[in-house]
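Student: I have a model open and want to learn how to read it. Where do we begin?

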Amino acid sequence: MTHGLRAGARLIVWLAWTFLLLPLQLLALALGQPDRIPLIYHRGVLRIFGISIDKRGVPSPSRPTLFVSNHASYLDIEALGALVAGSFVAKSEVSSWPLFGLLARLQRSVFIERRRSRAAGHRAALAARLDDGDSIILFAEGTSSDGRQVLAFKSALFAVADRARAVQPVSIAYTRLNGAPLPGRLRPEVAWYGDMELAGHLWNFLGLGALTLVVEFHPTVAARDFPSRKALADHCQRIVAGGLSRALRGSLTPRDAVVPSEPVEISRVCD
């Protein structure tokens, strides 16, 4: 199948799937059951987009949990949304994006602005959601990268970590395309960062073949065990960076040769 035909077919099926589940999520929200439909939706999107997830470790069952992850692409949202029942923290501009903004609102995303003057309000909003028992998914770098490194985690985003029962670092690594290690020249086709235009990037991605992501859920920690939120942020950054490095190294060898630094559960999700 040519790039254009594959991209067009995936786009049509994705839009159909999206508009099929939109009214179901509206109903679920009205019934006070907001989490189930997003899990089903994101798992369907992964299949439509040809994405397989190698899941390592176990998502925290505690509620609320603050999940803290690195960030390389909008595809991270599909991956974590398929594995975690929770809401994302997103920049405020996303709320006004066509369709994507609607999807983010339907998943009860918490929108934040980067202005220092709004920090107190954002902390209060996040604290209220955690106090209500809602798990939150945070991309702690505050931006996305090319997926080959983890940027420093912004400690300000950890200001409400003490309201969560657990904090769980999560590593996301883009490792394989069509079964072979993802070459560096194609990383910009899956990672979305800098000033890349969204629509064109999405179209190019949809024309690619089968993509494999490694998502590793690391052991949980508690905010109270750290002397400051910066110490917590630094710890999470080191753990996530280590998981990313292991996954990228492992993509160069047979999967059985990957030896994680700690015991993990490995399973295949969304073949």
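**Helix packing**

Tutor: Start with a helix pair: the axes of α1 and α7 lie 7 Å apart and pack at an angle of about 110°. Keep in mind that this is a predicted model.

Student: How should I read such a pair in general?

Tutor: Two packed helices are described by the angle between their axes and the distance between the axes. Angles of 65 to 115 degrees count as roughly perpendicular. α1 and α7 are therefore roughly perpendicular to each other.

Student: Which residues make the contact between α1 and α7?

Tutor: From α1 come His3, Gly4, Arg6, Ala7, Gly8, Arg10, Leu11 and Trp14. From α7 come Leu202, Trp203, Asn204, Phe205 and Leu206.

Student: At what angle do the axes of α1 and α2 cross?

Tutor: They cross at roughly 175° and come within 10 Å. That makes α1 roughly antiparallel to α2, because angles over 145 degrees fall in that class. The α1 side of the contact includes Arg10, Trp14, Trp17 and Leu21. The α2 side includes Ile37, Tyr41, Val45 and Phe49.

**Aromatic pairs**

Student: How many aromatic pairs are there?

Tutor: The count comes to eight aromatic pairs. Take Trp14 and Phe49: their ring centres are 6.2 Å apart and their planes are at 55°, so the pair is tilted. This pair links distant parts of the chain, with Trp14 in helix α1 (residues 3–30) and Phe49 in helix α2, 35 residues apart. Trp14 and Phe49 are both buried.

Student: Which class does the pair of Phe49 and Phe205 belong to?

Tutor: Edge-to-face: the pair has 70° between the planes and 5.9 Å centre to centre. Phe205 sits in helix α7 (residues 198–206), 156 residues from Phe49 in α2. Phe49 has a relative accessible area of 3% and is buried. Phe205 also counts as buried, at 1% relative accessibility.

Student: Is His42 buried or exposed?

Tutor: Buried, because its relative accessible area is 4% and the cut-off is under 20%. His42 lies in helix α2 (residues 36–49).

Student: Which side chain does the side chain of His42 make a polar contact with?

Tutor: That of Glu78, at 2.7 Å. Now look past the sequence neighbours within four places: His42 is in contact with Ile77, Glu78, Gly81, Ala82 and Gln107.

Student: Where is Ser109?

Tutor: Ser109 is in the loop between α4 (100–106) and β4 (110–112). Its relative accessibility is 14%, so Ser109 counts as buried. The side chain of Ser109 reaches the backbone oxygen of Ala104 at 3.0 Å. Beyond its neighbours within four places in sequence, Ser109 is in contact with Ser87, Phe88 and Ala104.

**Backbone checks**

Student: What should I expect of the backbone before I look for exceptions?

Tutor: Most residues other than glycine have a negative phi, and most peptide bonds are trans. Now the exceptions. Arg108 is not a glycine, yet has a positive phi of about 60°. Arg108 is in the loop between α4 and β4 and is partly exposed, with a relative accessible area of 26%.

Student: What is the phi of Asn178 near?

Tutor: Phi is near 55°, again positive in a residue other than glycine. Asn178 is in the loop between β6 and β7. At 55% relative accessibility, Asn178 counts as exposed.

Student: Which residues does a cis peptide bond join?

Tutor: Arg63 and Pro64, with omega about 0°. Pro64 is found in the loop between β1 (51–56) and β2.

**A helix length check**

Student: What should the 22 residues of helix α8 span?

Tutor: At 1.5 Å a residue, 32 Å; the end C-alpha atoms of α8 (residues 229–250) are 32 Å apart, which agrees. The buried residues of α8 include Leu232, His235, Val240, Leu244 and Arg246.

Student: What covers the buried residues of α8?

Tutor: The cover includes β2 (65–69), β6 (166–177), α6 (187–190) and β8 (211–217).

Definitions and conventions. Residues numbered from 1 in each chain as written. Predicted model: local features only at pLDDT ≥ 70, side-chain atom pairs only at ≥ 80, totals over all residues. Heavy atoms only, no water. Helix = DSSP H or I, 4+ residues; strand = E, 2+ residues; numbered from the N terminus. Buried < 20%, exposed > 50% of the residue type's maximum accessible area, 1.4 Å probe, protein only. Polar contact = N/O pair within 3.5 Å; in protein donor to acceptor, adjacent residues only side chain to side chain. Contact = heavy atoms within 4.5 Å. Expected span 1.5 Å × (residues − 1). Phe/Tyr/Trp six-rings, centres within 6.5 Å; stacked < 30°, edge-to-face > 60°. Axes fitted to C-alpha atoms, helices over the stretch in contact; angles between N-to-C directions. Parallel < 35°, antiparallel > 145°, perpendicular 65-115°, else oblique.
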